[in-house]
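Hi everyone, thanks for coming. Let me put the structure up, and then we can walk through one part of it together.

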Amino acid sequence: MIVGLLMVAGGAAAGAFGSLLGLGGGILSVPLLTLGFGLGLREAVGVSLVCVIMTSSAAAGVYLERNVANLRLGMTLELFTAIGALFGGLIAFLIDERLLAILFAVLLVYVAVTMLRARAPAREGVTVGN
């Protein structure tokens, strides 16, 4: 009973932070499932991917409703993300689980450093890259 409640709370936290910060919920749920609940890394990744479908759909609806998401860009990225996900999923079963864990840890460190890095505020009317 308590394990179920902890999983519900962890899922709610992953969904909230994932949609609030634009992170895939897997950044939070995979470590929770592997370290907190003892699932294997591949199983935790699979569970996380199923959960991210719902999180992404719900959050995308809110962002599209408020006209802050570029639908054309999102659909283009979705196509190539799906292709990359197909290849990534196939490769994940070809490499050692320990190497997979190291790659996941490197990604977590990269995301943390990127988010902590100070950014200059964007000037009004100027787009990034100009």
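In which hand of crossing does helix 2 pass helix 5? The crossing is left-handed, meaning that the near helix is turned anticlockwise from the far one by less than a right angle, where clockwise would be right-handed.

A word on what you see: this is a predicted model, where local features need pLDDT of at least 70 and side-chain atom pairs count only at pLDDT 80 or more, while totals for chains, interfaces and linings use all residues. Residues are numbered from 1 along each chain as its sequence is written, and side-chain values use heavy atoms, with hydrogens and water left out.

Helix 2 covers residues 26–36 and helix 5 covers residues 97–116; helices here are DSSP runs (H or I, at least four residues), numbered from the N terminus. Their axes are 11 Å apart, at an angle of about 135°. Axes are lines fitted to C-alpha atoms over the stretch in contact, with angles from 0 to 180 degrees between N-to-C directions. The two helices are therefore oblique to each other (under 35 degrees is roughly parallel, over 145 roughly antiparallel, 65 to 115 roughly perpendicular, and the rest oblique).

Who meets whom? From helix 2 come Gly-26, Ile-27, Val-30 and Pro-31, and they meet Phe-104, Leu-108 and Val-111 of helix 5, contact being heavy atoms within 4.5 Å.

Now the buried side, meaning under 20% relative accessible area with a 1.4 Å probe, protein chains only (exposed is over 50%, partly exposed in between). In helix 2 the buried residues are Gly-26, Ser-29, Val-30, Pro-31 and Leu-33. They pack against helix 1 (2–21), helix 3 (41–65) and helix 5.

After helix 2 comes Gly-38, with a positive phi near 75°.
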